[in-house]
Amino acid sequence: HGCPVQFFWTRRMALILLCSKRLATFWDTEKDQAMLHHNSVFHGLLKHVPWHQFDRLVEEHDADARVRRLSTKSQFVALLYGQLSSAASLREIVTGLSSHTARLYHLGAKPARRSTLSDANAQRPVAVFAELLAMMMKQAHRGLRRKLAETTYLIDATSARLNERSADWARFSAGVCGAKVHVIYDADADRPIYAAVSAANVNDITAARQMPIEPGATYVFDLGYYDYAWWAELDAVGCRIVTRFKSNTPLDVVEELLVTPDSNILSDRIGFLPARQARSRQNPMQGAVREIRITTDTGKVLRILSNDLDASAQEITDLYRRRWAIELFFRWIKQTLKITRFVGTSENAISIQIAVALITFLLLRLAQATQKAIPSPIVFARLIRANLMHRRTIDNLLLPPPSIIQDQRQMSLGIC
């Protein structure tokens, strides 16, 4: 008296039709939670991108005008994938994305051809990515605002070596081409707040004059920004300056301050910079400054300059030492992200890749802040890379993948 059984196959489930016309299914319901659905780790990272602002920038700059194959969003997703997966070439990016076509659908992107992606990097307006980076830096920094007296910004630049194919815009010297990334970095927030790209032959102080200045903040920088006129501009808006004297710069001393014995601080003096510059030009930095001489761990003597006449010598020394935080930032992005090997040669392509690299840095920091299991930024970045296209949540990267819970009320179908 066995009941006749009929099998019906659909795209998503097998239905067994029993003689009683009752349907037994193997489809997992949300109520049973037999198999929880997770988007990929990459999808979780992209949630931190302000897509409404990105879409507005694409429209404002007509980035998708007359585009038939690869949208600017798909280009952006492909470049982010390249940064997060450490892909070293366009072909590696395209091949990796092609192997995850189904996952790209949930990201709102499409796979790209190598030539199409190359053309997009060379021709799409870099302003879309640069302005998106500026927006994200501002938003990330907004929640970390402090009193101006407690705000310390570090200014520096790092170079990236380019090949001869970039010689038309980035030639530095015979046979040497390169680009520079100029950054204002907030060490307390561990985030850049400003970034710009130039050819390597652009002087640091030339780029600094274009930087936004926050009145009342503290700015720490090195000898690459040795310019009295720029210092005078910072001083005029109430900024505190901490930098170094050049070895040949004299100081007209008017007061000697006491220093702590048996410390690395050799002297603390107040005085004036030379009244005249080269060609008898008047020095615009007319106010009194501090000179604090210290010895480093290697025995080298440094002359630290500041326009703060009230803070302790130790406080100013500690501020100057914080400058190394931006060096660590540059080292981190060069080792973890892709700004030493480029997937294009034009100024447009290089600028887009650097902007996307810094956006990737912000996405990693924002995603890391949503969990507490992985405090190390470098370990978190490595786990993101290893699990980028896996279906799991960012806060469970250290846990084994969730097991499939078999509902005991379901029938088992064994096919030999």
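A residue is called buried here at under 20% relative accessible area, exposed at over 50% and partly exposed in between, using a 1.4 Å probe on protein chains only. Phe 76, at 0% relative accessibility, is therefore buried. The structure is a predicted model, in which local features need pLDDT of at least 70 and side-chain atom pairs count only at pLDDT 80 or more, while totals for chains, interfaces and linings use all residues. Residues are numbered from 1 along each chain as its sequence is written, and side-chain values use heavy atoms, with hydrogens and water left out.

**Overall make-up**

- The protein chain has 14 helices and 13 strands; these are DSSP runs numbered from the N terminus, with helices being H or I of at least four residues and strands E of at least two.
- Of the 416 residues in the protein chain, 46% count as buried.
- Among contacts in the protein chain with a separation of 6 or more, 60% come from residues 24 or more positions apart, where contact means heavy atoms within 4.5 Å.

**Aromatic pairs**

- Rings of Phe, Tyr and Trp (its six-membered ring) pair if their centres lie within 6.5 Å, and planes under 30 degrees apart count as stacked, over 60 as edge-to-face and the rest as tilted.
- The count under this rule is 16 aromatic pairs.
- Phe 54 and Phe 76 are stacked, because their ring centres are 5.1 Å apart and their planes lie at 15 degrees.
- Phe 54 belongs to helix α2 (residues 51-60) and Phe 76 to helix α3, so the pair ties together parts that are 22 residues apart in sequence.
- Phe 54 has 1% relative accessibility and so counts as buried.
- One aromatic cluster is formed by Tyr 185, Phe 329, Phe 330, Trp 332 and Phe 361.

**Helix α3 against helix α4**

- Helix α3 (residues 72-85) and helix α4 (residues 90-98) have axes that come within 10 Å and cross at roughly 100 degrees; axes are lines fitted to C-alpha atoms, for helices over the stretch in contact, and angles run from 0 to 180 degrees between N-to-C directions.
- α3 is therefore roughly perpendicular to α4, on a scale where angles under 35 degrees count as roughly parallel, over 145 as roughly antiparallel, 65 to 115 as roughly perpendicular and the rest as oblique.
- On α3 the contact uses Ala 78, Tyr 81 and Gly 82, and on α4 it uses Ile 93, Gly 96 and Leu 97.
- The contact of α3 with α4 has four nonpolar, two polar and no charged residues; Ala, Val, Leu, Ile, Met, Phe, Trp, Tyr, Cys and Pro count as nonpolar, Asp, Glu, Lys and Arg as charged, and the others, Gly among them, as polar.

**Helix α12 against helix α13**

- Helix α12 (residues 324-336) packs on helix α13 (residues 347-368) at an angle of about 100 degrees, with the axes 11 Å apart.
- α12 is therefore roughly perpendicular to α13.
- Phe 329, Trp 332 and Ile 333 of α12 meet Leu 358, Phe 361, Leu 364 and Arg 365 of α13.
- By class, the contact of α12 with α13 has six nonpolar, no polar and one charged residues.

**Leu 104**

- Leu 104 is found in helix α5 (residues 101-107) and is buried, with a relative accessible area of 1%.
- Leaving aside residues up to four places away in sequence, Leu 104 touches Val 77, Leu 97, Ala 109, Lys 110 and Pro 111.
- Leu 104 and Val 77 are 27 residues apart along the chain, and their C-alpha atoms are separated by 9.0 Å.

- In strand β6 (residues 176-186), 10 of its 11 residues are buried.
- Strands pair if DSSP finds at least two bridges between them.
- Strand β4 (residues 152-162) runs antiparallel to β6 and is joined to it by 10 bridges, with Thr 158 opposite Val 181 of β6.
- Strand β5 (residues 171-173) pairs with β6 in the antiparallel sense over two bridges, and the bridge partner of Ser 173 in β6 is Val 176.
- The hairpin of β5 and β6 has two residues between the strands, and Gly 175 takes a positive phi near 80 degrees there.
- Strand β7 (residues 191-199) pairs with β6 in the antiparallel sense over eight bridges, and Val 197 in β7 is the bridge partner of Val 181.
- The hairpin of β6 and β7 has four residues between the strands, and in this hairpin Asp 190 takes a positive phi near 55 degrees.

**Strand β9**

- Five of the five residues of strand β9 (residues 240-244) are buried.
- Arg 240, Val 242 and Arg 244 point one way from β9, and Ile 241 and Thr 243 point the other way.
- Strand β8 (residues 218-220) pairs with β9 in the parallel sense over three bridges, and the bridge partner of Thr 218 in β9 is Arg 240.
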